[in-house]
Amino acid sequence: MSKAAKVLLISQPSLTRNMQMLEDELGVILFERRKNKLSFTETGHQTVKLAKKFLKQKFLDDVQHFALKESIIFGGVNAPGAIFELESRIKEKGLEQHIQIEQKTNDELEKSLDDENVHFIVTDYPIKKEHILSMGLFMEQLYLSVPLTHPYATRKEIKLAELANLTMLLRSDLGIWQPLVNQLTQTKFIVQKDRAAFVDLVNASALPTFSTNITQQNTEESTVNSQRIQIPISDKEATKTFYISVLKKNKAILQELVKTK
């Protein structure tokens, strides 16, 4: 006890009180006390193991978090909604590092990750490779966005087939959602490439457009959405689950972006 107190730079009575306080707080007996002898109980031994494991993990987490703060993280996604979701998470968690995100096809994303040109990718399927870790990131649901006076405004849900013969506003570069749009051959689309111009166009128009549960939360589009009715599209293909994948050596990035605050 005297030697332990010297190592900790406190008095022996203070160490004794701290040990008793720890037992009281945990509600267990950690030490077996005999005359001139002090030893761990089995619970005490287990507590030491757990404490060492906890301190080691906290040390690793702190080091990895600091390393992330000093780096630029490069990512790739296959849909614009993933950019909105990641930007929201980065802001919510108060992450200080700069993250650059590009939208690519799934094949391009997998190759970029294998070639270590990006730190993470987001796809609509988990990547099952030995050297890669994948985790679910978010779910995106497609909606039909219409003005309050539109004939569909009272609908609780709608099917893709019911969009036939409509004229709709559409953003370009839809990524993984583009094949779904291509199937709507009887729907006429007015396509706008510029994101800000598209928001202004939707705001000034009575034409329907698409939104998702992710884009509806985006600050840039919130004013527009507040003036419109968002009708969920019930077709199975109108809902997608997205996964974030990293090389195993970059699992700290995965943990930082997936874990809750």
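Predicted model: local features only at pLDDT ≥ 70, side-chain atom pairs only at ≥ 80, totals over all residues.
**Domains.** I looked up how the protein chain is divided and found three entries: domain 1 (1-68), domain 2 (70-138 + 240-258) and domain 3 (140-239). I then took the separation of domain 1 and domain 2, whose C-alpha centres lie 39 Å apart.

**Aromatic pairs.** I looked up the number of aromatic pairs, and the count comes to three. I recorded Phe31 and Phe40 as a stacked pair, with 5.4 Å centre to centre and 25° between the planes. The term applies because planes under 30 degrees apart count as stacked. I checked the accessibility of both residues. Phe31 counts as buried because its relative accessibility is 12%, and buried means under 20%. Phe40, at 37% relative accessibility, counts as partly exposed.

I next noted Phe138 and Phe242, a pair that is also stacked, with centres 4.8 Å apart and 10° between the planes. Which strands hold these two residues? I found Phe138 in strand β6 (residues 132-147) and Phe242 in strand β11 (residues 239-247), so the pair ties together parts that are 104 residues apart in sequence. Phe138 and Phe242 are both buried.

**Charges over rings.** The charged end of Arg155 sits over the ring of Tyr152, at 5.7 Å from the ring centre. For Lys240, I found the charged end over the ring of Trp177, 5.3 Å from its centre.

Conventions: Residues numbered from 1 in each chain as written. Heavy atoms only, no water. Domains from an automatic or database assignment. Phe/Tyr/Trp six-rings, centres within 6.5 Å; stacked < 30°, edge-to-face > 60°. Buried < 20%, exposed > 50% of the residue type's maximum accessible area, 1.4 Å probe, protein only. Helix = DSSP H or I, 4+ residues; strand = E, 2+ residues; numbered from the N terminus. Lys NZ or Arg CZ within 6 Å of the ring centre and 35° of its normal.
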